[in-house]
Amino acid sequence: MQLKRAFIPGIVIILVALSAVWAHAQGQVQLTSVAEVEVERFNQEGKKEVQRIKATKVLPGNEVIFTTLYENTGKEVAENAVITNPVPEHMIYAQNSARGMGTRITFSVDGGKTYDSPSKLFIFDASGRKFPARPQDYTHIRWSFGEPLPPGAKGEVSFRAILQ
Amino acid sequence: MFRLKEEKKWRHTLSGLVGLVCATSLLLGITAPAWALGTVAGTVIANTATATYTMGADPTPQTVTAMDSFEVLEVINTVVVWQDAADVTVNTPQTERPLTFLLTNTGNGPEAFTFTYNDAMGADDFDPIAQLIWLESNGQPGLQTTGSPADSVLGAATPDLPADGSLLVYLLSNIPSGLGDGQTGRVSLTAAANTIGAAGAAAGTELPGAGLNGGTAIVGNSNGDSEAVGTYVVAAVNVQLTKSIAAIEDLSGGSEPYPGARVTYRLTVQIGGSGAAEALTITDTIPTDMTYLPGSIVLDGTSQSDAVDVPADQTDFNVTSANTVTVELENTVAPATHTIEFTTTIN
């Protein structure tokens with residue numbers, strides 16, 4: 001299912017790339033986004049364990065895990081790679097939940113105009129007073145890769161958010 | 001020899017107070033906090049990730065996106081809150097006195113509700129007799145059972161309330177006769193979600209096909225229903241009148257009731273309970289073998305005239321009623337005591 005979902009936007013990107021710069025079409029990064037929830041289930045040994053299942057219908061108040069899988073399927077190195085993810089509407093970022101090996105994770109509280117680490121983010125009230133930003137103020141999450149992604153490089157970044 | 005006029009009027013003194021209570025409840029209704037579970041059922045939540053990168057010497061950023069989405073599940077939840085600012089004052093008896101409740105759909109999908117009530121509760125002094133339920137529908141504060149437009153009598157169920165939507169509900173009860181001042185009667189109102197299987201179900205119960213667009217609905221923490229209790233309190237005034245002879249002065253300086261002796265009568269009016277005695281009038285007709293001594297009426301220690309000259313004073317003799325002392329105490333808020341004295345001569 002995940003592959004199919006990724007494949008369709010992939011084709012679109014290929015077509016766009018074909019009409020633009022053919023050479024670069026061979027060096028593309030492919031992305032797959034997946035939303036999951038955790039459920040407690042009994043495994044084959046009869047023990048309770050937390051499993052992740054695809055989110056289809058979610059109750060308000062529940063936490064959703066958003067994972068973005070990336071892979072450089074081309075033949076060239078992808079440089080200056082950045083993955084950006086707006087926190088979806090009706091959802092609140094779960095504090096300290098963003099993950100991403102080899103990336104620097106920053107957040108935006110201004111709709112994606114500027115990004116910084118949590119301790120350097122502030123919001124202002126109507127009278128101009130400055131407050132440290134809270135997780136519910138985050139509008140975007142950004143993963144900036146420290147190293148170029150060589151052909152075949154793949155991995156995932158993720159965050160959790162709570163449905164209001 | 002004396003009688004209380006317009007006795008019935010005292011029993012209908014509290015309509016002004018009722019209006020105030022209803023107006024207060026409307027304010028409460030507007031400011032009631034929202035308990036609803038946020039995002040509306042059926043909303044599609046989409047997450048989009050975007051990667052940008054460059055390749056080789058070309059500085060043009062390449063962009064790729066990926067998206068996944070899910071739908072918000074429907075939760076059925078409700079809360080009912082009694083809205084009257086204080087116990088609703090009633091007379092005894094009284095018909096169709098409303099208690100005001102606020103029904104809120106705290107689920108995240110549209111839901112209609114049905115009602116049941118219990119008017120035979122314990123922990124009170126009397127059982128009101130619940131009659132019918134009205135719904136606020138004409139946008140005017142309080143219950144209007146007449147007029148154009150009036151509010152609406154509840155049908156089988158309320159209209160669909162949207163997520164977070166509220167509705168003021170009036171539960172009307174009759175109040176029995178013969179109750180004492182301060183006695184209370186409680187009535188509970190229960191609203192149940194109209195979705196089949198929701199009312200009374202355990203939190204977390206899944207109702208396949210019962211949700212928005214045929215999806216699954218989940219029963220929330222209210223178990224698909226909610227109950228609130230309202231209280232009536234009897235505010236009955238009672239008036240006690242006692243008549244006594246304050247003094248007798250005979251012609252020889254003694255106190256024997258011979259012809260020619262002056263007899264001073266004292267009427268003591270005690271207004272007890274709560275509320276107000278409205279248009280309270282005390283009358284006392286002079287006996288046939290006695291003659292009223294002109295100008296002798298004294299109300300609470302102050303001499304009064306015999307003419308009808310309200311507001312200068314509230315008493316007269318032989319004007320309002322022939323050969324009768326009349327004292328207009330008008331609207332008297334309980335508790336209060338008034339003393340009336342007048343003098344007659346034995347013929």
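## Burial and make-up of chain B

Of the 347 residues in chain B, 38% are buried, a residue being buried if 20 or more other C-beta atoms, placed from the backbone, lie within 10 Å of its own, exposed if 12 or fewer do, and partly exposed in between. Chain B holds 1 helix and 24 strands, where helices (H or I, at least four residues) and strands (E, at least two) are DSSP runs numbered from the N terminus. Among the contacts in chain B with a separation of 6 or more, 73% join residues 24 or more positions apart; two residues are in contact if their C-beta atoms, placed from the backbone, lie within 7 Å.

## Confidence in the model

This is a predicted model, in which local features need pLDDT of at least 70 and side-chain atom pairs count only at pLDDT 80 or more, while totals for chains, interfaces and linings use all residues. Residues are numbered from 1 along each chain as its sequence is written, and chains are lettered from A and ligands numbered from 1 in the order in which they are written.

Chain B averages a pLDDT of 84, and 89% of the residues score at least 70; pLDDT is the predictor's confidence in each residue, on a scale from 0 to 100. Over residues 1-36 of chain B, however, pLDDT stays under 50, and for this stretch the model has 67 contacts beyond four places in sequence. For the complex, the predictor gives an ipTM of 0.81 and a pTM of 0.63.

## Where the two chains meet

Chain A brings 39 residues to the contact between the chains, and chain B brings 32 residues. On the side of chain A that touches chain B, two or more residues each come from helix 1 (2-20), strand 1 (29-42), strand 3 (57-58), strand 4 (63-72) and strand 5 (78-86) of chain A. Strand 5 of chain A provides the largest share of this side, 9 residues.

Strand 5 of chain A also pairs with strand 2 (residues 44-55) of chain B, in the antiparallel sense and over 5 bridges, two strands being paired if DSSP finds at least two bridges between them. Within strand 2 of chain B, Thr54(B) is the residue that stands opposite Glu79(A). Strands of a sheet pair through backbone hydrogen bonds, either parallel or antiparallel.

## The nonpolar cores

A nonpolar core is a set of buried Ala, Val, Leu, Ile, Met, Phe, Trp, Tyr and Cys residues joined through C-beta atoms within 7 Å. The largest such core has 87 residues, and those with the most contacts inside it are Phe101(B), Val169(B), Leu171(B) and Leu189(B). Strand 11 (residues 166-175) of chain B gives this core its largest share, 6 residues. Another core, of 16 residues, lies apart from it and includes Ala78(A), Ile83(A), Leu149(A) and Val64(B).

Beyond its neighbours within four places in sequence, Leu189(B) is in contact with several residues, among them Phe101(B), Val169(B), Leu171(B) and Glu227(B).

## A closer look at Glu96(B)

Glu96(B) has its place in strand 7 (residues 94-105) of chain B, and it counts as partly exposed because it has 16 C-beta neighbours inside 10 Å. Leaving aside neighbours within four places in sequence, Glu96(B) is in contact with Gln131(B), Leu172(B) and Asn174(B). The C-alpha atoms of Glu96(B) and Ala130(B) are separated by 8.0 Å, although these residues are 34 residues apart along the chain.
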